[in-house]
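This briefing concerns aromatic contacts and charges placed over rings. Please consult the sequence and structure shown here before reading on.

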Amino acid sequence: MGDIHSQRRRRFMEMMGPGSAALIVSHPEMIRNNDTLHEYRPNSDLIYLSGFEEPETALLILPGKAETPFVMYVRPRDRDKEIWTGRRAGVDGAVERYGASVAHPIGDLESTLPKYLEGVESLYMNLGQDPDRDRLGLEALNRTRRSSRTGTKGPVRLIDSASILHEMRLRKEPDEIEALARAAEISAAGHRAAMEVVRPGMYEYEIQAVVEYQFRRAGSRRFGFPSIVASGPNATILHYEENSRRLEAGDLLLLDAGTEWGYMSGDITRTFPVSGRFSEPQRRVYEIVLDAQKQAIEAAQPGAPFLAPHDAAVRRLAQGMIELGLLRGELEDVIREERFKRYYMHKTSHWLGMDVHDVGRYADGDSARALEPGMVLTIEPGLYVAEDDSEAPPEFRGIGVRIEDDVLITDRGNRTLTGGVPKEVAEIEAICGKLPLEDALRAEGRKIA
């Protein structure tokens, strides 16, 4: 289990340099109600460096300590607790299965940390996410100040580990690309299933159940984010999550859903007609967004600025808004004055990886950073006309359209990972509503592809 993770730790240590240490502490478990916890999803940085999935964990990485470069703090084995909540690796398992040089019970972290930090000048930590976790680093600095007269040396500076780790995670390794492609494949299957069964009279939560059933059926352990199933005017709410409305004839359904595979997340949005056919106003809006997305994908090239896809999408969307009568004026004025934000208020892309809004800087100083091979980003333009927008032509009110794909930057251009779900008008109309819900749920032999 440790080979890929040990390689990452070696690269991390090389970039940290001598006289440094890194302390990566897990997220705390969160109580849902009474004695029930929310589903636990480990800290992505901790998983990236160790593959260890249990809560109450800390990794201590020490480049200058030849005998103990990798120390783990974990929950000890406890037969009574394991009966209730499952098996634990324990201290021995951390060494034998996860490559720790030495391991301690998590309760010993504060008492043993000073010993390991002797001679360390810079302490890297995943800062700013949990005050109790940050306190460990601050106490290490204070301990150094208190001990300075005795000659004991310890950390004199705290550094956010994101400055190294998140740049490492931004450039995907071959195994990560493979996992992302599988997450995209499974996510696409969920979207296709929704298109096949959708029909008036269903509820948004029924579509959610169909989609997430496909995710689970394919072996995905968890979803990348809460599914957005937004019908009719709900599609103009960007992060709508109630998923409770009854689908009506003539509605569009905006479905934004993706699942995890190997701790990598897919993220797809499709918008399709509940009754199987786009109305003329819906089709006009949809084709503008689709054209904007295609131009944005074409702009996502190695060496291009991160904002190149956004700029391409904005230009086409703004022109479309003028064509539809949503905005008036010259295209350049609409873009310069950002009047398009009335109907397109978000950016076109975000990084994708272990987190659905993945880590990594978007800019170098005042300039957008250049896209590089191995980076993965979403391309997701949209156009949203609020139901109560009295200034919009009536036929477009309440229409929301977003189309999103996951795009890998390659040496020669890009590769769309989420091509397994249709987005052309004719393709969507050919698939929508073709299978009754019951038949879809019985289609156990259908291949995920």
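Phe-306, Trp-351 and Tyr-362 form one aromatic cluster. The model is predicted, with local features requiring pLDDT of at least 70 and side-chain atom pairs counting only at pLDDT 80 or more, while totals for chains, interfaces and linings use all residues. Residues are numbered from 1 along each chain as its sequence is written, and side-chain values use heavy atoms, leaving out hydrogens and water.

**Aromatic pairs**
- Across the whole structure, a search finds seven aromatic pairs; rings of Phe, Tyr and Trp (its six-membered ring) pair if their centres lie within 6.5 Å, and planes under 30 degrees apart count as stacked, over 60 as edge-to-face and the rest as tilted.
- One of these is the tilted pair of Phe-306 and Trp-351, with 4.8 Å centre to centre and 55° between the planes.
- Because Phe-306 lies in the loop between α10 (280-299) and α11 (308-324) and Trp-351 in the loop between α12 (331-336) and β14 (363-364), this pair ties together parts that are 45 residues apart in sequence.
- Trp-351 and Tyr-362 form a stacked pair, at 5.3 Å centre to centre and 5° between the planes.

**Accessibility of the cluster**
- Phe-306 counts as buried at 6% relative accessibility, and Trp-351 is likewise buried at 0%; buried means under 20% relative accessible area, exposed over 50%, partly exposed in between (1.4 Å probe, protein chains only).
- Tyr-362 counts as partly exposed, at 32% relative accessibility.

**Charges over rings**
- The charged end of Arg-9 sits over the ring of Phe-70, 3.8 Å from its centre; the criterion is NZ of Lys or CZ of Arg within 6 Å of the ring centre and within 35 degrees of the ring normal.
- Arg-216 lies over the face of Phe-223, 4.8 Å from the ring centre.

Key: Helices (H or I, at least four residues) and strands (E, at least two) are DSSP runs, numbered from the N terminus.
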